[in-house]
Amino acid sequence: MSYGMMIAVELNKKREFDAIWNWANTYMLITDPKNPSVGYFAWSMGTDGSARSTGAAPDGEQYFTMALYFAAHRWGNGKGIYNYQAEADKILRGMRHHPVLTGTGPFRIHPTTRVCEFVPDVAEPEQSQDAGRASGERANDANLPLSPGGGTPRPSSVGPMVDEDHFMIKFVPTFRRLNRSSYHLPAFYELWARWGPVEDRAFWTKRRM
């Protein structure tokens, strides 16, 4: 969805951009306070708005942020969720300053929606996020963390998407030291150092170097 917003703003298609952004806010934005990923966007959804996962993937937040900044500069800001600058600032602040929250899944995206029933595609306990495979990605989603023995939910902690020590975007916002090269977008960080929240501009200046 965030990639679609980037395409829409590049092609000057505001109606399509706003429609995608409205859908993402309605269905993907995690609002259940019992979900430790609250404030982030769920990375996998059904086309009917049902959750396939209730955890975040930082490339989505990065592209949402950049697309919204581009929209603010191309079309100006509206009201509510269409105040693109304010929405981008909010996402970007959350990426760096999300509080560390812990909960035990399975989780919901919204307090009134059903619990996500998607079970991570993991055959063996060692196929974790550290394996770097697609199955590992889903295994360490905040939806249903598996115990070492497999199958039993265990507490999951979610925090910022930024590794402050190394100025790197994390693969997932947990405490595993794992990154993915495709998530590193230095051209974005240069613009965030110019357009983002004033208090974080020095950080993004360092991040792009």
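Here is a chat about ring contacts and strands in a predicted model.

Biologist: How many aromatic pairs turn up in the whole structure?
Modeller: The search gives 17 aromatic pairs. Take Tyr69 and Trp195: their ring centres are 6.4 Å apart with the planes at 65°, so that pair counts as edge-to-face.

Biologist: OK, and which helices do Tyr69 and Trp195 lie in?
Modeller: Tyr69 is in helix H3 (residues 58-75) and Trp195 is in helix H6 (residues 186-195), so the pair ties together parts 126 residues apart in sequence.

Biologist: Is Tyr69 buried or exposed?
Modeller: Buried, with a relative accessible area of 0%.

Biologist: What about Trp192 and Trp204, how do their rings sit?
Modeller: Their centres are 4.9 Å apart and the planes are at 85°, so they're edge-to-face. Trp192 lies in helix H6 and Trp204 in helix H7 (residues 201-207), so here the linked parts are 12 residues apart in sequence. Both Trp192 and Trp204 are buried.

Biologist: Which residues do ring pairs link into a cluster?
Modeller: Tyr3, Tyr63, Phe188, Tyr189, Trp192, Phe203 and Trp204. Phe203 also has the charged end of Arg96 over its ring, 4.0 Å from the centre.

Biologist: Switching to strands: how many bridges join E1 to E2?
Modeller: There are 4, and strand E1 (residues 101-104) runs antiparallel to E2. Thr102, for one, has Ser157 in E2 as its bridge partner.

Biologist: And which way do the E2 side chains point?
Modeller: They alternate along residues 155-158.

Methods:
Residues numbered from 1 in each chain as written. Predicted model: local features only at pLDDT ≥ 70, side-chain atom pairs only at ≥ 80, totals over all residues. Heavy atoms only, no water. Phe/Tyr/Trp six-rings, centres within 6.5 Å; stacked < 30°, edge-to-face > 60°. Helix = DSSP H or I, 4+ residues; strand = E, 2+ residues; numbered from the N terminus. Buried < 20%, exposed > 50% of the residue type's maximum accessible area, 1.4 Å probe, protein only. Lys NZ or Arg CZ within 6 Å of the ring centre and 35° of its normal. Pairing = 2+ DSSP bridges.
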